[in-house]
Amino acid sequence: MTEIFHLIGVGGAGMSVVAELLLSRGFKVSGSDQADSAGLQRLRSLGIEAFVGHDAGQVPVDATVVVSTAVRETNPELAFAREHNLPVIHRSQALAIAAQGLDFVAVAGAHGKTTTSGMLAAALSAAGMDPSFAVGGVVAGFGTGAHLGQGRFFVAEADESDGSFLNYTPRVALVTNVEPDHLDHYGSREAFEAVFDEFVTRITADGALVVCADDPGASALGQRVLATGRRVWSYGLDSSVEGAQHLQISEVELHASGSSFLVSYGDETVAVHLNVSGLHNVLNATGALAVALDLGISLSVMAEALKAFTGTGRRFEFKGEVAGKRLFDDYAHHPSEVAAALKQARVVVGEGKVVVLFQPHLYSRTRNFAAEFAASLALADQVVLADIYGAREDPMPGITSALIGDKLVEVAFVGPLETAAEVAAELTEAGDICITMGAGNVTSVGNQIINYWQN
């Protein structure tokens, strides 16, 4: 394998993490992205040559080129690599290279994996384990989503969107849920579920699977793995996987600034106090506890260490307050994620209103889940819809954000992002929360909203 890696789209959350880890491993790293960003500036500060724009001349002639599914074959740098027979690998394969020789913990699921892997990274660090980690968002307190530690654990967010998590061989795999998504890639619910069955076969012979028993898809996956004689842990509020080692959650209290609950395993019960709110985070943290137990870390030590986690970037991230109006930013782009974030907002806002500016991500996802998005967004008091962020997809005739808006009893606005931001800002009053939400560039209008409130 070459000692030089060139990453196309290096400024993205997932790719920048890989770049940092490869650099930490002693490889020479360069990359490019369409536009300059804080992410590119950070990489440059670390010594990575990060170009703005894509050009064949930027690719080292002896490099291994790293791509994600979002990089099209027409990209001039990828075309150069193909023409000159340079090795081309997926981002997940590069991450596996960075993780060689470590106990790999892979966190998978349609949603919750960024937060849960961030929890594991923060808690294992607080417990003195100094893990390596690769999380698809900035972990609060670290200022990065990547770290090459001196300990024996490597925690990674495992992306199922294109099946690339099949490149991993985890010692422990945590599956938060198996809820259909990415049907543009898989084509059907059955195909999406089948890839998780294939993923768990990648667990090492002495390894274990951890599943959320309250999610039907993850629970069924756990039952199928148990039938093969493999070790399985489950966790949940309402359910358990029969035959699995189970962590039971009880006495949940949600607060504006955190949450507390009890977790019981066997004869032991511990109190857990989190510095993040939301019922989904109670579940995520208990999944992290199950992973820790399988890694040989005591329940009490890990429960205390979880206090160190204060969030990850773009997961109900507080962005600012003006005259009693608070702005949060969230990456939610699946109906279940939207519902979880809005339920969390309801706890935090108290008597105020929740105003959400939602930017749908992908035409295919909007087409497939318009009704489910509308049902989730109805949890807000005011809904503003920006135009669809197409990302890797070309526009589809008749597929617009109005597909969601038409299914809502009331929607304040549907249209261009900048106008939507102004409408959301105007709707927010003292004591209210405004959330910019989506996986596209909706986060970029946060300053516009803050400036509107200031003027």
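Glycine 109 is found in the loop between β6 and α5. Helices here are DSSP runs of H or I with at least four residues, strands are runs of E with at least two, and both are numbered from the N terminus. Before going on, a word on the model. This is a predicted model, where local features need pLDDT of at least 70 and side-chain atom pairs count only at pLDDT 80 or more, while totals for chains, interfaces and linings use all residues. Residues are numbered from 1 along each chain as its sequence is written, and side-chain values use heavy atoms, with hydrogens and water left out.

Back to glycine 109. Is glycine 109 buried or exposed? Glycine 109 counts as buried, at 0% relative accessibility. Buried means under 20% relative accessible area, exposed means over 50%, and partly exposed is in between, using a 1.4 Å probe and protein chains only. Which residues does glycine 109 touch? Setting aside residues up to four places away in sequence, the list is Glu160, Thr176, Asn177 and Phe196. Contact means heavy atoms within 4.5 Å. Now a distance. Glycine 151 is 42 residues from glycine 109 along the chain, and their C-alpha atoms are separated by 25 Å.

Next, the record. UniProt, in an unreviewed entry, lists a "binding site" at Gly109, Ala110, His111, Gly112, Lys113, Thr114 and Thr115. A caution here: UniProt positions are given in the numbering used here, feature names are shortened, and annotations may be inferred rather than shown by experiment.

Take histidine 111 from that list. Histidine 111 lies in the loop between β6 (103-108) and α5 (113-126). Histidine 111 is buried, with a relative accessible area of 11%. What does histidine 111 touch? Not counting residues up to four places away in sequence, Thr176, Asn177, Glu179, His334, Ser336 and Glu337.

Now glycine 112. Glycine 112 also sits in the loop between β6 and α5. Glycine 112 counts as partly exposed, at 24% relative accessibility. Glycine 112 touches Thr176 and Asn284, again leaving out residues up to four places away in sequence.

Let me step back to the whole chain. The domain assignment gives domain 1 (4-89), domain 2 (101-308) and domain 3 (317-454). Those bounds come from an automatic or database domain assignment. How many Å separate the centres of domain 1 and domain 3? The answer is 32 Å, taken over C-alpha atoms.

Start with strand β1, residues 4-8. Five of its five residues are buried, so β1 is largely enclosed by the rest of the structure. Which way do they point? Ile4, His6 and Ile8 point one way from β1, and Phe5 and Leu7 point the other way. In a regular strand the side chains alternate between the two faces of the sheet. β1 also has a partner. Strand β2 (residues 28-33) pairs with β1 in the parallel sense, over five bridges. Two strands pair if DSSP finds at least two bridges between them. Isoleucine 8 has serine 32 in β2 as its bridge partner.

On to helix α7, residues 189-200. Helix α7 has 12 residues and reaches 18 Å from its first C-alpha to its last, close to the 16 Å expected at 1.5 Å a residue. The expected span is 1.5 Å times one less than the number of residues. In α7, Phe192, Val195, Phe196, Phe199 and Val200 are buried. Seen down the axis of α7, these buried residues fall within an arc of 140 degrees, so they line one face of the helix. The arc is that of the directions from the helix axis to the C-beta atoms.

Now helix α9, residues 279-294. Valine 282 is found in α9. Valine 282 counts as buried, at 0% relative accessibility. Beyond its neighbours within four places in sequence, valine 282 is in contact with Ile249, Val252, Leu254, Ser259, Phe261 and Leu274.

Last, two backbone angles. Phenylalanine 316 is not a glycine, yet has a positive phi of about 45 degrees. Phenylalanine 316 is in the loop between α10 (299-305) and β16 (317-322), and is buried at 9% relative accessible area. Leucine 362 is not a glycine either, and has a positive phi of about 80 degrees. Leucine 362 is in the loop between β18 (354-358) and α12 (363-377), and counts as buried at 0% relative accessibility.
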